[in-house]
Amino acid sequence: MDFYDFYTGQEFEAYTYLGAHIVQDGVVFRTFAPNAIKVSVIGEFSDWQEIEMEKTYDGNFWERTVNNARQGMKYKYRIYDQKGKFLDHCDPYGFYSELRPGTASVIYGLSNKGASDQVYLRQRKNTEKDPLNIYELHAGSWKKPENDPEGFYGYRELADLLVPYLIRNHYNYVELMPLNEYPCDESWGYQATGFFSPTSRYGTPDDLRYFIDQCHKEKIGVILDFVSVHFAVNDYALLKYDGTALYEYPHHDVGINEWGSCNFMHSRGEVRSFLQSAAYYWLKEFHFDGLRVDAVSNLIYWQGDKRRGENQGAIRFLRTMNEGLKKRCPGAILIAEDSSDYSGVTSPTENGGLGFDYKWDLGWMNDTLSYLQLSPEERKEQYHKLTFSMMYFPHEHYLLPLSHDEVVHGKASILQKMNGDVYEDKFAQARLLYMYMFAHPGKKLNFMGNEIGMFREWNEKTSLDWNLLAYPQHEKFYHFIRKLNSLYLQCPALFREDYEQDGFEWLDCENPDYAAYAFLRKGENQEILAVLNFDDTDLHDYQIRLPKKRKAVLLLDSSDEIWGGTNGEKGGSILQENRLRMNVPRFSGQYFLLTEE
């Protein structure tokens, strides 16, 4: 570790120096606690009695080698503040933790010798021109062991169950909600205590490496949800680590956020180095393929409030982190969960941007879901709610998310959000929603359970309702999503030119008399026409003028009975000159492949 870089916020490998490291004559423990008057290491190797540590380097670091310490032993740091009072803390740079409710760190070596994905890693590249179909997952509640409904499948068991499911359903990436150690299951990992410690709920660090290796064997990328805004308030972790506000702000007005947790003080170089090193650690030591950075708007603006101004320390942190990760991990994907209108989130840092590859399009998500909650008559009145996204879409590289945030806390599941009370209509509109999503420019993300038509909200304490697949409507919906996923991966028109002006063209977006839209997607000499009817009545003799003469081949029709559709009046499509005429059933969408006659 370079100490100058550490203090100035340029370090990416602080974890190779700090923490507990296995050496030839035992384990060397190092921690950064500049304001402590005394630090001891305690653990199983000393029967939890104090072994006093010595100041090193400039007096801000503490170090001690313990000869009889071994991998798997628990430990903590006993830190005395300026008044002589002490608290026992887990290691900020600890690589493993005991299972909650225990709070000790666990000695665990850095090793990825068993990984077999070196060829895969060398072949990683920029994904801008490729399909990204991301399955967002909460590891503890996708499925539960039948003999332990309150327990968890471990990383290894999850790999054996999940990887075949991802392959079968045509997802080429999986995004895992935070796997850093955290005390409370209900926080889903977003209130972290161990930023370098894979949660022991699901097994060991090597078990997690196995999971990622199995995904890579099937060319499935793995993205980790990374929290860099805040940390848990538990006093055994980062809170007043050396008796002072070392990682957090000393003032409450900027120190505590809307989630009741402590904001990192990004103006401190040591804090930036801590977070950058954690980000690099997950990519380097576990071979994650990317990071989804949580709550970026709370980094850009003080407390996420534009009126309070920009947080220059946090913005500098984002630019330095993203630029550094790109240099060190070519092909890794960096995604911003950002609800602000801050410009340049996905622009390169050398051009003054933040350096992310993609930004969640939360505007598209909110507009689309609120539109589908409207009655068909109201949809005509707010017709341009669905066209607005393409007004701003060229400004950033967007990813379209239907994430965990949209199916919890009284918001209702995606299926339940659909307007009306008729069971079949909700499914029809959900199929239409997904046809719109997959034809719209931008990479895709769906939260687990969306694909089976969950009716209840997601709950981290229970498994998804897999029994729904025994019911015909849910089973047909599941196969519809599977078919849509497959088409998306196979059709370059749906992804190759996501961020090019020539990749998208409206054909019908000016007819509020009926809630219907039509547009072209183009890429790699392929053209796909999407026709979407959000009205509750069939459109008779609906006509679309094509840019030039084409042959139209139907690829997918959401109203087909095979997908659970009803017998709306179709009558096929007729191509006359460069005009396509058809009957479009209520609440339905169609994809046509346009080819030369």
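Visitor: How much space lies in the largest cavity?
Guide: About 110 Å³. Keep in mind that this is a predicted model.

Visitor: Which residues are the closest to its centre?
Guide: S413, I414, G449, N450 and M454. They belong to a lining of 17 residues.

Visitor: And which elements give two or more residues to that lining?
Guide: Two helices do: α12 (414-417) and α13 (423-439).

Visitor: How does the lining divide into nonpolar, polar and charged?
Guide: The largest cavity has 11 nonpolar residues, four polar and two charged.

Visitor: New topic. In what order do the three strands of the open sheet come?
Guide: β25, then β28, then β27. The pairing is antiparallel.

Visitor: Why is one side of β25 and of β27 left without a neighbour?
Guide: β25 (539-545) and β27 (573-576) stand at the edges of the sheet. Each has a single partner strand, so one side stays without a neighbour there.

Visitor: How far are neighbouring strands turned against each other?
Guide: By 20° on average, direction ignored.

Visitor: How many bridges join β27 to β28?
Guide: Four, and β28 covers residues 579-584.

Visitor: What's the bridge partner of Q576 in β28?
Guide: Q576 is partnered with R579.

Definitions and conventions. Residues numbered from 1 in each chain as written. Predicted model: local features only at pLDDT ≥ 70, side-chain atom pairs only at ≥ 80, totals over all residues. Heavy atoms only, no water. Pairing = 2+ DSSP bridges. Axes fitted to C-alpha atoms, helices over the stretch in contact; angles between N-to-C directions. 1 Å grid on protein atoms, 1.4 Å probe; cavity = no way out; pocket = protein on both sides within 12 Å on 5 of 7 lines; lining within 4 Å. Points joined across faces, edges and corners; volume = space filled by probe spheres on them. Nonpolar A, V, L, I, M, F, W, Y, C, P; charged D, E, K, R; others polar.
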